[in-house]
Amino acid sequence: MPTEITKVAVVGGGYMGGGIAQTLALAGLPCALADVTAEAAQNSVRRLVEEGKDYESRGLFPEGAHDLLVANLRAAESIESAVEGADYVSEAVPEILDLKQATLARISNAAGPHTVIGSNTSAIPIGTLAESVTRPQNFLGVHWMNPSFFVPSVEIIPTENTSPEAIGAVEELLKKACKVATRVADSAGFVANRLQYALFKEASSMVEEGLATPEVVDEVVSNAFGFRLAFFGPFAIADIAGLDVYENSFRSIESAYGSRLAAPEVLKGKVAEGHLGLKTGQGFLTMDPAAAQEIANYRDRAYSELKALKERLGPPPFLSKNA
Ligand SMILES: NC(=O)c1ccc[n+]([C@@H]2O[C@H](COP(=O)([O-])OP(=O)(O)OC[C@H]3O[C@@H](n4cnc5c(N)ncnc54)[C@H](O)[C@@H]3O)[C@@H](O)[C@H]2O)c1
């Protein structure tokens with residue numbers, strides 16, 4: 001039976017595993033890190049501690065971060081020695097099914113009966129990976145975003161066999177790390193990557209069709225609806241715009257790109273029922289029209305501060321000028 005998580009291990013100390021280890025160590029948890037060899041784990045811990053010092057000096061990590069990383073991060077000799085005594089293990093090896101399965105089997109064999117194991121897979125269904133562990137009740141997907149310390153979201157993906165205690169223990173852990181933990185269904189890519197990859201696919205089609213360069217797509221996305229997405233998801237944005245407006249726009253999109261981009265049935269159903277979003281109080285979300293001014297005030301404040309932040313930072317250094 002999983003208990004409170006007070007000691008953790010990360011297997012695979014690369015980009016994501018390193019960030020997860022840093023974040024959990026900064027949340028006050030002793031964290032052992034394992035990689036392909038003891039030397040690779042040591043190099044990783046050294047890099048994470050040095051990076052922590054640099055980030056603290058630039059005000060990106062909180063005061064005392066370097067000391068916490070020195071105190072809490074430990075390079076392990078092997079996967080088995082990292083996992084020994086850990087209440088929670090994060091698997092963050094490369095996205096290769098065989099490798100994940102073999103690594104999860106090793107972690108599971110070394111883990112105690114109470115140890116919860118979370119895979120950081122980007123897109124492999126958790127039910128598929130669960131076949132590799134001996135206690136599926138203690139196994140789930142715990143999908144962090146990159147860079148782990150800064151991006152708030154962590155998707156929690158239980159399978160039908162994951163115990164409520166294991167889910168609860170991970171949620172408590174993520175609360176300590178100040179993360180926004182959201183339970184999502186077990187399907188390839190979960191919520192974040194299914195959407196992110198759908199966007200990437202459509203963006204790539206524009207480039208392949210010669211309609212836009214990658215620079216043009218990126219500039220428009222990050223300054224248009226991507227700007228809003230920092231505060232509102234696609235459903236809030238649609239509700240605020242008006243679902244009837246969306247349905248009308250879909251007519252042009254469908255006639256150009258076919259049924260692949262036809263108005264979704266769920267959208268047409270809402271419009272048919274007169275649920276048009278904020279202006280009627282009911283859309284995909286429930287929004288009280290009486291609160292319209294309050295919502296507009298929130299939106300305007302958020303956008304004004306984000307606009308100022310973007311102006312202060314300037315464009316990313318790789319963004320070339322568009323013709
Ligand atoms: N990079 C991202 O933006 C991102 C975001 C979210 C999730 N993920 C997922 O996180 C996982 C890790 O991705 P990453 O980007 O950190 O990869 P990475 O290549 O940076 O790191 C993987 C680490 O695992 C180690 N490793 C490889 N084989 C191992 C083994 N047998 N035993 C122990 N360690 C081993 C490697 O040496 C490396 O340090 C993947 O499943 C990936 O899909 C990545």
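I count two residues as in contact if their C-beta atoms, placed from the backbone, lie within 7 Å. I take helices (H or I, at least four residues) and strands (E, at least two) as DSSP runs, numbered from the N terminus. Axes are lines fitted to C-alpha atoms, for helices over the stretch in contact, and angles run from 0 to 180 degrees between N-to-C directions.

The model is predicted: local features need pLDDT of at least 70, side-chain atom pairs count only at pLDDT 80 or more, and totals for chains, interfaces and linings use all residues. Residues are numbered from 1 along each chain as its sequence is written.

**Entry 1: sheet.** I looked up the strand order and found β3-β2-β1-β4-β5-β6-β7-β8, an open sheet of 8 strands with mixed pairing. Its edge strands, β3 (73–75) and β8 (180–183), each pair on one side only; pairing requires at least two DSSP bridges between two strands. From one strand to the next the twist averages 25°.

**Entry 2: a strand pair.** I noted that β4 (residues 88–91) and β5 (residues 116–119) run parallel and are joined by 4 bridges. Glu91 stands opposite Ser119 in β5.

**Entry 3: helix on sheet.** I found α1 lying across β1 (8–11), β2 (31–34), β3, β4 and β6 (139–144), at about 165° to β1.

**Entry 4: ligand.** I listed 22 residues around the ligand, of which Gly12, Gly14, Met16, Ser122 and Asn146 come nearest; a residue counts as near if its C-beta atom, placed from the backbone, lies within 6 Å. Two or more residues of this shell come from each of α1 (15–26) and α5 (97–110). α1 gives the most, with 3 residues.
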